[in-house]
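This report describes selected parts of one protein model. Please look at the sequence and the structure before reading on.

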Amino acid sequence: MHIGVKSASFALLFIQAALLGCTTGTGHLDNEPAPYGPTPSAAQLNWHELEMYCLIHFTPTTFQNKEWGFGDAPANLFNPVNFDADQIAAAAKSAGFNGLVSVAKHHDGYCLWPTTTTDYNISNSPWRGGEGDMVKEFEEATRKQGMQFGVYVSAWDRNYPDYGSEVYADAYREQLRELYSGYGALFISWHDGANGGDGYYGGANETRKIDRTTYYEWEGKTWPITRQMQPTAVIFSDIGPDVRWVGNESGVAPETSWSTFTPVGPDGGKAGVGHVDLRFQESGQRDGNFWIPAECDVPLRPGWFYHPEQDQQVKTPDELFNLYLQSVGRGGAFNLGLAPMPEGILHPNDVAALKGFSNKVKQTFATNLAEGAGFAASNIRDGQSRHFGPENLLDDDRYSYWATDDGVTSPELVIDLKGEPTFDIIRLRENIKLGQRLDSVWVDVWAEETWQPLASATSIGSSRLIQLDEPIRASRLRLRLFAPVAVALSDFGLFKEAEVVHETVQAERNVLDRSAWTLVSSGVQGGDPARAMDGDETTFWLTDETDLPAEIIIDLGATQAVTGFSYLPRQDGGKEGLVSRYVLAYSTDGSDWQQASEGEFSNIAANPIAQEIRLDQPVLARYLRLTAVALAGADGGPSVISIAEFDVFGN
Ligand code: FUL
């Protein structure tokens, strides 16, 4: 879940952002094309150049094997005996990541630095004898690797006794000030907004709702602190002001994703969801008023925190590579979540996946197969090949570019390749200091004595990687470009995706056979229960509208040891029917029930992954009763339950 921000004075922040270092053009050449539309600030240019960074989730929540801590874990639970920030930072660096963001405080409220704002912090853990500062260790390890550093401080705090009042909102701002002053220049201040709900709140154990559009006073009080203390940092939230959330936690931007966006609705803030206009959060807007590109966040494992049961579900180098193409390759950034194990280092499977990804990226992009090509442009600005000629496309400089004369808005470029290379990725970049100018680019290949269409793309911006369906061999290509103004294309590249070998440490997982199961009774009607047990994650049981809590009872066919279960909600992107609180009970005879587990399926709306629950100890069961207690995701939608798969684990 991310934040929404009301915005009466929102525009002010954008103006400030622009003043803080907005550059136009390259600043070196005479007669450069005038910038088109909004342009990036210096902080945003730096962020674009970083392309990929990692986000580290590591708090007492790790030690509780949860995705969202409730805020009630004792402070001394956090004791990573082998913590090694260097191992984590080195793994990120070796995979080609250029920055690291420390989740200095997650929703559980535990501060990884010795803050003055709450006792719920690292100095009350046995780690480093209570003298440690984990944010500092992350920062030093990051800088040692030559990477840039950032922080994520959750606004929602499920531990803070005063959460919901002005006292906490002030404390939150003080936490930001502490982090903005003690850890060097930051490249990003990351503001998630899973805001308000149930929590420990100093022992009150209650639900607290806040108005997330006003409570934190983002534009009036909070973000100005960032601007003042960390001018090099971009501010990330749902809608900007510098970088917007892409709207999913799968790490994927849509094919068309403009870096320009207008977060406030046309009628002064009433359009879209809440007070801001989220309709274009994913795609951006061609005519957006501000430069607010998308960040694509996704964890390396299914969850953001470490769970031993996910050791075999680490994304493979090929999957990571596809995410890279669909994030960085669509003008955004790739923010990959890393989750250290309780001992304080990354699991070998995570390290292996990062290594494999790095090999793949390095090998794929080692050689630009367009090198040595000859160009024939239908127009060159001022006729000046030296400054604005197409040779600039191959010099690996994002800001040198081929430009056309003003008024030449649909030029063509014929490219005679050296030899006849085989490629399956085409890279295009614009000089974004001059704005996002191109509407679209079409690539044709010369074959059988004619030009044949090969690929096309919209929203080029800082980087556009077009993946072809299959590799092609070619000696001659043609680009046709379309823009409302003169074009300023800075890069043209051809690459062949490399194959990499990848190995992981295997572990056994005992999933019980479902063939003998029967659905004994169900407090819910409608839909097809078989779809919850058909081994097909794309189909799901969607019930009729039901009262909550709602019970589903399954007969396992025989009494056996049960060690846990897994609930996978619908995978089609639908927001209705996502169970967020559950109780699991078991029985040997179907009448005498014991509770086995209860809890929260955290973050299920933003990241609807399989929720694997390990029981504290194995139980002997023939019958299992799953009670859906609460739903997430569809505010005000019908109360239905979706189950794509339900699995039970044994010894
Ligand atoms: C979300 C949070 O609720 C998740 O726990 C995680 O921190 C993710 C990066 O942002 O909104």
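## Strand E29

Strand E29 spans residues 645-649, and five of its five residues are buried. Buried means under 20% relative accessible area, with a 1.4 Å probe and protein chains only. Strands (E, at least two residues) and helices (H or I, at least four) are DSSP runs, numbered from the N terminus. The model is predicted: local features need pLDDT of at least 70, side-chain atom pairs count only at pLDDT 80 or more, and totals for chains, interfaces and linings use all residues. Residues are numbered from 1 along each chain as its sequence is written, and side-chain values use heavy atoms, leaving out hydrogens and water.

In a regular strand the side chains alternate between the two faces of the sheet. In E29, Glu645, Asp647 and Phe649 are buried on one side, and Phe646 and Val648 are buried on the other. E29 runs antiparallel to strand E24 (residues 550-568), and five bridges join the two; strands pair if DSSP finds at least two bridges between them. Phe649 of E29 is the bridge partner of Gly564.

## The second largest cavity

The structure holds three cavities of 30 Å³ or more. A cavity is a set of points on a 1 Å grid over the protein atoms alone where a 1.4 Å probe fits but cannot get out, and its lining residues have an atom within 4 Å of a point.

Strand E27 (611-632) and E24 each supply at least two lining residues, and E27 gives the largest share, three residues. By class, the lining has nine nonpolar, no polar and one charged residues.

## An open sheet

Four strands form an open sheet in the order E14-E21-E16-E19, with antiparallel pairing. Strand E14 (402-403) and strand E19 (464-473) each have a single partner strand, so one side of each is left without a neighbour in the sheet. Six bridges join E16 (residues 422-430) to E21 (residues 488-495), and Ile426 stands opposite Leu494 in E21.

## His106

His106 is found in the loop between strand E2 (99-105) and helix H5 (134-144). Because its relative accessibility is 3%, His106 counts as buried. Leaving aside neighbours within four places in sequence, His106 is in contact (heavy atoms within 4.5 Å) with residues including His57, Glu67, Trp156 and Phe305.

Notes. Buried < 20%, exposed > 50% of the residue type's maximum accessible area, 1.4 Å probe, protein only. 1 Å grid on protein atoms, 1.4 Å probe; cavity = no way out; pocket = protein on both sides within 12 Å on 5 of 7 lines; lining within 4 Å. Points joined across faces, edges and corners; volume = space filled by probe spheres on them. Nonpolar A, V, L, I, M, F, W, Y, C, P; charged D, E, K, R; others polar.
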